[in-house]
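Work through the following exercises with the sequence and the model side by side, and try each task before you read its solution.

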Amino acid sequence: MNLEEVYNEINGDYEDVLKRLRKPELVEKFVVKFLNDISYDDLIKALDEENMENAFRAVHTLKGVCLNLSFVGLYKVSNELTEMLRPGKELANENEINEMVEKITAEYNLVKKGIKQLDNN
């Protein structure tokens, strides 16, 4: 699968990321690096420990990475959880947080699976 096909598969916006990074080689370089990003793992760990400050930080980082790489589907759900956990706002209830984490996990797994299908991997 080529890079553009992967972006279609993962609810991403290939044209947007290509405008930002300008070269397909650069896009692919950073997309592959996403496989080593620990933001999602940090989010899950922080939530397991009920550390909402660290959970916010982790999901905010994940959101930023997704925005920069135009992983639109994963960006949208991570943005929603970011706002639910934003300091100074009334904390969402546990069920709402768990529902968002399920959505994030599904999108995250979709992105990882797609990246692993790149022709060079």
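**Exercise 1.** In which helix does Val111 lie?

*Solution.* Val111 lies in helix α7, where helices are DSSP runs of H or I with at least four residues, strands are E runs of at least two, and both are numbered from the N terminus. Before going further, note that this is a predicted model, in which local features need pLDDT of at least 70 and side-chain atom pairs count only at pLDDT 80 or more, whereas totals for chains, interfaces and linings use all residues. Residues are numbered from 1 along each chain as its sequence is written, and side-chain values use heavy atoms, with hydrogens and water left out. The next step is accessibility: Val111 counts as buried because its relative accessibility is 0%, the classes being buried under 20% relative accessible area, exposed over 50% and partly exposed in between, with a 1.4 Å probe and protein chains only. Leaving aside residues up to four places away in sequence, Val111 touches Ile10, Phe34, Phe71 and Leu74, a contact being heavy atoms within 4.5 Å.

**Exercise 2.** Determine which residues of α4 are buried, and where they sit around the helix.

*Solution.* Helix α4 spans residues 39–48, and its buried residues are Ser39, Tyr40, Leu43, Ala46 and Leu47. They cover an arc of only 130 degrees around the axis, which puts them on the same side of α4; the arc is that of the directions from the helix axis to the C-beta atoms. On the other side of α4, Lys45 and Asp48 are exposed. What covers the buried residues of α4 includes α5 (52–69), α6 (72–85) and α7 (94–116). After the helix comes Glu50, whose phi is positive, near 55 degrees.

**Exercise 3.** How many salt bridges does the structure hold, and which side chains form them?

*Solution.* Side chains of opposite charge can pair when their charged atoms come close. The structure holds three salt bridges, each a side-chain nitrogen of Lys or Arg within 4 Å of a carboxyl oxygen of Asp or Glu.

- Asp16 and Arg20 meet at 2.9 Å, N to O; they are four residues apart in helix α2 (residues 14–21), so about one helical turn separates them. Asp16 is partly exposed at 29% relative accessibility, and Arg20 is partly exposed at 36%.
- Glu53 and Arg57 have their closest N and O atoms 3.0 Å apart; being four residues apart in α5, they are likewise separated by about one helical turn. Glu53 is exposed at 55%, whereas Arg57 is partly exposed at 46%.
- Glu83 and Arg86 have their closest N and O atoms 2.8 Å apart; Glu83 is partly exposed at 27%, and Arg86 is partly exposed at 27%.

**Exercise 4.** Count the aromatic pairs, and classify the pair of Tyr7 and Phe71.

*Solution.* The structure holds five aromatic pairs. The ring centres of Tyr7 and Phe71 are 5.7 Å apart and their planes lie at 45 degrees, so the pair is tilted; rings of Phe, Tyr and Trp (its six-membered ring) pair if their centres lie within 6.5 Å, with planes under 30 degrees apart counted as stacked, over 60 as edge-to-face and the rest as tilted. Tyr7 lies in helix α1 and Phe71 in the loop between α5 and α6, so the pair ties together parts that are 64 residues apart in sequence. Both Tyr7 and Phe71 are buried. Ring pairs link Tyr7, Tyr14, Phe34, Tyr40, Phe71 and Tyr108 into a cluster.
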